[in-house]
Structures are given as structure tokens and as C-alpha cells.
Amino acid sequence: MSAFMGGIGSGRYGGYRAATCEDYHAIDLAWLRRKGVLKRLTWSRITWSRGGERVASIGVRSEGDGLRLRYRARS
């Protein structure tokens with residue numbers, strides 16, 4: 001006899017799974033530096049598109065020893 005797991009809704013409320021880190025965009029500091037985005041005290045914008053339409057953007061500004069991020073998204 002074999003046991004089957006992972007069917008529709010198994011272990012998940014309402015059939016949806018919990019989001020994981022891999023489901024989200026990552027911020028790669030090396031890429032930002034190569035693209036010149038990390039200019040001190042200057043806002044830069046990174047955008048994401050779906051089907052040719054901009055769906056999200058993030059503002060990036062280097063301040064002191066960190067980054068300030070502004071994120072906007074439309075559903």
C-alpha cells in the first residue's frame with residue numbers, strides 16, 4: 001500500500017500555498033552598483049513590467065551606511 005500526499009489543498013488553507021522568498025524579487029547590491037544606482041543621496045528607480053505594462057517600481061537612495069527604499073505596486 002502506498003500513501004499519496006500533496007493533493008489539492010493538502011496542508012494548505014483553501015488550496016493556496018504560503019508565499020516563499022523565491023516568490024519575490026530580490027535586490028542585488030552588486031547589480032545596483034554596476035548600474036550606477038547607488039549614487040549617494042540620489043534617487044534612482046527600478047521598474048517591473050508585465051505584458052508591457054509597468055506593474056511595480058522601487059525607488060533606491062544610498063544614505064550614510066544604508067539604503068532607503070520606496071516601493072509601489074498595482075494589482
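Arg-61 and Glu-63 form a salt bridge, with their closest N and O atoms 3.1 Å apart; the term covers a side-chain nitrogen of Lys or Arg within 4 Å of a carboxyl oxygen of Asp or Glu. The model here is a predicted one, where local features need pLDDT of at least 70, side-chain atom pairs count only at pLDDT 80 or more, and totals for chains, interfaces and linings use all residues. Residues are numbered from 1 along each chain as its sequence is written, and side-chain values use heavy atoms, with hydrogens and water left out.

**Salt bridges**

- Searching the whole structure turns up two salt bridges.
- Glu-63 also pairs with Arg-68, and here the closest N and O atoms are 3.1 Å apart.
- Glu-63 is partly exposed at 23%, and Arg-68 is partly exposed at 44%.

**The nonpolar core**

- The largest nonpolar core has eight residues: Leu-32, Val-37, Ile-46, Trp-48, Val-55, Ala-56, Ile-58 and Val-60.
- Such a core is a set of buried Ala, Val, Leu, Ile, Met, Phe, Trp, Tyr and Cys residues joined through side-chain atoms within 4.5 Å.
- Two or more core residues come from each of strand 1 (44-50) and strand 2 (53-63); strands are DSSP runs (E, at least two residues), numbered from the N terminus.
- Strand 2 provides the largest share of this core, with four residues.
- As general background, nonpolar side chains tend to be buried together in soluble globular proteins.

- Beyond its neighbours within four places in sequence, Ile-46 is in contact with Trp-31, Leu-32, Ala-56, Ser-57, Ile-58 and Val-60, contact meaning heavy atoms within 4.5 Å.
- Trp-48 sits in strand 1 and is buried, its relative accessible area being 19%.
- With neighbours within four places in sequence set aside, the contacts of Trp-48 include His-25, Glu-53, Val-55, Ile-58 and Tyr-71.
- His-25 lies 23 residues from Trp-48 along the chain, and their C-alpha atoms are separated by 9.5 Å.

**A buried serine**

- Ser-62 belongs to strand 2 and counts as buried because its relative accessibility is 13%.
- Leaving out neighbours within four places in sequence, Ser-62 touches Leu-38, Lys-39, Arg-40, Leu-41 and Leu-67.

Methods. Buried means under 20% relative accessible area, exposed over 50%, partly exposed in between (1.4 Å probe, protein chains only).
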